[in-house]
Amino acid sequence: MSQRNDTSNQNGAFDSLVPVAMIVAMAKNRVIGVDGKLPWYLPEDLKFFKRITQAKPLVMGRKTYASIGKPLPNRLNVVVTRNAEFSHEGVRVCHDLPAALELADQHATIEAAEEIMVMGGGEIYRQALPFAQRLYITEVDIEVEGDATFPDFDPSEWQEVQRVAGQPAEGQPSYDFVVYERIAD
Ligand SMILES: NC(=O)c1ccc[n+]([C@@H]2O[C@H](COP(=O)([O-])OP(=O)(O)OC[C@H]3O[C@@H](n4cnc5c(N)ncnc54)[C@H](OP(=O)(O)O)[C@@H]3O)[C@@H](O)[C@H]2O)c1
């Protein structure tokens, strides 16, 4: 029997069958992006992203989609935008976050995916945080200037369940792959 993950926030109730996770690489000052791009080039983190998101539905904001420029293969790509005209081949479009999560949930249920992956950017992370059960955060050990950030989350609501040190190449900052899980009420 399936168990529902009951969550709601100011954007409306969302009652998912499949847990919602978020995946991000974040600097010490919470910066995740600058001028529509990532502030760093960390191939090991890109590999980690690819591995963790494989065969899981992706939910992203229109600006994050624009920064990638094409759908990511072998995964449902759901793009959230207020623009009624927006359409791209290989992408499903939703006009609010609960609708995007609902679509991803249906797909994940049918495909037996373990979780829904919210993959940014800052605006979408902020709205999706109340729905999330797990956070995959690559904590990059630098402070950078930027215009997109990951929301501050209450550490008392989250438990660190895994931390693995990355292996930066020469000249790259150090980083850890960290997993947090929401502490049950
Ligand atoms: N470090 C990382 O792991 C990581 C991951 C992802 C992204 N990023 C970076 O983050 C930056 C992008 O983040 P961002 O915060 O600027 O943008 P974003 O969250 O990717 O996208 C924002 C857009 O999403 C749409 N949107 C947001 N809320 C909505 C709602 N409730 N209903 C309907 N549509 C909604 C709007 O699109 P319209 O304007 O089309 O209406 C809005 O302009 C880039 O620099 C990117 O490289 C970093």
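1. A residue is called buried here if 20 or more other C-beta atoms lie within 10 Å of its own, exposed if 12 or fewer do, and partly exposed in between, with C-beta atoms placed from the backbone. Because Met-117 has 25 C-beta neighbours inside 10 Å, Met-117 counts as buried. This is a predicted model, in which local features need pLDDT of at least 70 and side-chain atom pairs count only at pLDDT 80 or more, while totals for chains, interfaces and linings use all residues. Residues are numbered from 1 along each chain as its sequence is written.

2. Met-117 sits in strand β8, residues 116-118, where helices (H or I, at least four residues) and strands (E, at least two) are DSSP runs numbered from the N terminus. Setting aside neighbours within four places in sequence, Met-117 is in contact (C-beta atoms, placed from the backbone, within 7 Å) with Ala-21, Ile-23, Thr-53, Lys-56, Pro-57 and Leu-58. Ser-87, by comparison, is 30 residues from Met-117 in sequence and 21 Å from it in space, C-alpha to C-alpha.

3. Not counting residues up to four places away in sequence, Val-59 touches Val-78, Val-80, Ala-100, Leu-101, Ala-104, Ile-116, Val-118 and Met-119.

4. For the chain as a whole, there are four helices and twelve strands, and 35% of the 185 residues count as buried. The radius of gyration, taken over C-alpha atoms, is 16 Å, which agrees with the value near 16 Å that a compact globule of 185 residues would have, the rule being 2.2 Å times the number of residues to the power 0.38. Among contacts between residues at least 6 apart in sequence, 66% join residues at least 24 apart.

5. Which residues come nearest to the ligand? Of the 27 around it, they are Gly-33, Gly-61, Gly-120, Gly-121 and Gly-122, a residue being near if its C-beta atom, placed from the backbone, lies within 6 Å. The elements that give two or more residues to this shell are β3 (20-27), β4 (31-33), α2 (62-68) and α4 (122-128).

6. Some backbone details deserve a check. Most residues other than glycine have a negative phi, and most peptide bonds are trans. Gly-120 and Gly-121 are joined by a cis peptide bond with omega about 0 degrees, and Gly-121 is found in the loop between β8 and α4. Arg-30, in the loop between β3 and β4, has a positive phi near 75 degrees; Arg-30 is partly exposed, because 15 other C-beta atoms lie within 10 Å. Ala-112, in the loop between α3 (97-111) and β8, has a positive phi of about 55 degrees and counts as exposed, because it has 8 C-beta neighbours inside 10 Å.

7. Gln-167 lies in the loop between β11 (158-165) and β12 (175-182) and counts as exposed, because it has 9 C-beta neighbours inside 10 Å.

Note on methods
Two residues are in contact if their C-beta atoms, placed from the backbone, lie within 7 Å.
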